[in-house]
Amino acid sequence: MIYTTLVAILKVIDNNVGKIGMPKILVIDDEEELREFVSMSLELNDYDTIQAENGIDALEKLEQEEFDCIVSDVEMPQMTGPEFLKAFRQKNTIIPVIMLTGVKNLHTVIEVMKLGAQDYLVKPINVDELLISVEKSIEFKRLKEENIKLLKENKKYQKHLEEMVERRTFQLKDAIFGSLIIIASAIEARDPYTKGHSNRVRLISHDIGICMNLNAKDLNTLDYGAMMHDVGKIGVSDNILHKNKSLTEDEFDQIMSHPLIGANIVEGITFFEPMIDCIKYHHERFDGKGYPGELKGLDIPLFARIIAIADTYDAITTTRPYRTAMTSNEAIDIMVAGRGTQFDPDILDVFIRNKIYEKDYIFKDRDINESINPSRIVLDDEKIFELFNKPKSFTDSDIYG
Ligand SMILES: [Fe+2]
C-alpha cells in the first residue's frame, strides 16, 4: 500500500522529466508494486527505466534494447533471478546486474555473486542504497567498456605493428635474397657451365623441403643455404674450375676444399650462421665417405642432405667442361645407384616419388649450357678416382657439384 501511494506521487513527478541521454535501467520483478517503486525511484534520479515481469520477459527486452544496468528480484515465477542471471551472463558479461533479495533468501547471495551479479540489496529497498549501487554499477560498466575499447585499440595497433614488421621483414628478405643472387651470380660468372646452378639447386631443395613439410622458417634457411652452397668456389682458382684435363692431386684438393672455404667466409656473420651447415656439408655422403667432415647418415645436417641431392641432380643434367649434360632418366639411374651410399635414401625417395626432377624451372635457364660445345670431354672420372685414391663411388657431382 505504501509502495502504491508513493508510486502514484512519483509518476506525476516523473512525467515532467525528460529521458534523453539518461542511463537506462531494466527493472525485473514479478510484484508490480515493488517494480513500480524501484522504477520511479530511479526515474526521479535521472534514470530511464523499462520494466519486466520476470526473467523470460527481461531476456526478450534485453534482445531489443540496450541497457546500462539491471535490477532484478531473486524470487520470481517461471524464471528465478539466478536462472535469469545465468542465462543472461552467457550472452552478456558487461551489463551489471543488481539482485534484490529478501532476508530469508540471503543464502542465495553467494550464488548470485558467483553467477556474475554486480551487487545485491536486501529488501525492503532503501532508495539511497539503490541509487548508490546503481551509480557504482554503471561506473563499473563504463570502466569495463573503456577497458575493452582500449584492448581493442591495442590489438589493432599491435596488428598494425605486426603488419609493418612483416612488410619490413619481407623487404629485408627481398634485399638479402637479391644480394645472395648477386653473390651466386658472381661465382657462376667465372664458369659459364654452372650458370644458374645455385638458383636451380635452391628451387629443387625448396621443393624437396615442401614435400618434407618443413616449416616456413626452415624453408627460408634452406633457400638461402642452397643459394650460397658453393660460395667457397670463390677461393678456387679459375684455372682449376675451367680445367678440362685431369687434375693434379693439389688441384683436386683445392676443389674439394670449397665447402670449408665457403664456411670460413660466412663464419661470424650472424645472418649466415644458420646456412653454414648447408655450405660446409653439402658434399658429405650418407656412407661417411664424403668431405670435408666424412660425416655419416643422419649426422649430416638435414639441409645439407637435401642440397646434396639437388646439387647432384643439377650437376649431372647440365653440361660440364668434361662431358655433355645427361638426361633426367640417366641422372635418376645414377642417383638411385647412390641411394643409401651417397644420398639419404628417404630424401632421395621424396625427390623421386614427387617427380621434383620434372619441374619446368629446372630447365628454364640452361640455354647457355646447351649452347656450349662439349668438345673438351677429357676428364675420366674413374681415372681421377684411381689417381687420387678417392672412393670409386664418387660421382662427378661429388667433386664439381
Ligand atoms: Fe659444391
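**Helix packing in a predicted chain**

Let me begin with a single residue, G268, which comes just after helix 11 and takes a positive phi of about 90°. Helices here are DSSP runs of H or I with at least four residues, strands are runs of E with at least two, and both are numbered from the N terminus. Residues are numbered from 1 along each chain as its sequence is written.

Taken as a whole, the chain holds 19 helices and five strands, and of its 401 residues, 36% count as buried. A residue is buried if 20 or more other C-beta atoms, placed from the backbone, lie within 10 Å of its own, exposed if 12 or fewer do, and partly exposed in between.

Let me return to helix 11, which covers residues 258-266 and in which H258, P259, G262 and A263 are buried. Seen down the helix axis, these buried residues fall within an arc of 140°, so they line one face of helix 11; the arc is taken from the directions that run from the helix axis to the C-beta atoms. The reason for such patterns is that an α-helix has 3.6 residues a turn, so residues three or four places apart point the same way. What do the buried residues of helix 11 pack against? They pack against helix 10 (249-256) and helix 12 (276-281).

Helix 3 gives us a second example, with G55, A58 and L62 as its buried residues. They cover an arc of only 55° around the axis, which puts them on the same side of helix 3, whereas E60, E63 and Q64 are exposed on the other side. The cover over the buried residues of helix 3 includes strand 1 (24-28), strand 2 (48-52), strand 3 (69-73) and helix 4.

How do helix 3 (residues 55-64) and helix 4 (residues 81-91) meet, and at what angle do their axes cross? The two axes come within 9 Å and cross at roughly 25°. Axes are lines fitted to C-alpha atoms, for helices over the stretch in contact, and angles run from 0 to 180 degrees between N-to-C directions. Helix 3 and helix 4 are therefore roughly parallel to each other, since angles under 35 degrees count as roughly parallel, over 145 as roughly antiparallel, 65 to 115 as roughly perpendicular and the rest as oblique. G55, A58, L59 and L62 of helix 3 make the contact with E83, F84, A87 and F88 of helix 4. By class, these residues are six nonpolar, one polar and one charged, where Ala, Val, Leu, Ile, Met, Phe, Trp, Tyr, Cys and Pro count as nonpolar, Asp, Glu, Lys and Arg as charged, and the others, Gly among them, as polar.

Now please find helix 13 (residues 302-316), whose axis comes within 9 Å of that of helix 14 (residues 328-337), the two crossing at roughly 140°. Helix 13 and helix 14 are therefore oblique to each other, and their crossing is right-handed. On the side of helix 13 the contact involves T312, Y313 and I316, which meet A331, I334 and M335 in helix 14, and this set divides into five nonpolar, one polar and no charged residues.

Helix 13 also packs with helix 15 (residues 345-353), at an angle of about 45° and with the axes 10 Å apart. This pair, too, is therefore oblique, and helix 13 passes helix 15 in a right-handed crossing. The residues in contact are R305, I306 and I309 of helix 13 with I347, L348 and F351 of helix 15.

Leaving out residues up to four places away in sequence, S205 touches L222, A226, I306, I307 and A310. The C-alpha atoms of S205 and F351 are separated by 9.1 Å, although these residues are 146 residues apart along the chain.

Definitions and conventions. Predicted model: local features only at pLDDT ≥ 70, side-chain atom pairs only at ≥ 80, totals over all residues. Contact = placed C-beta atoms within 7 Å. Left-handed = near helix turned anticlockwise from the far one by under 90°.
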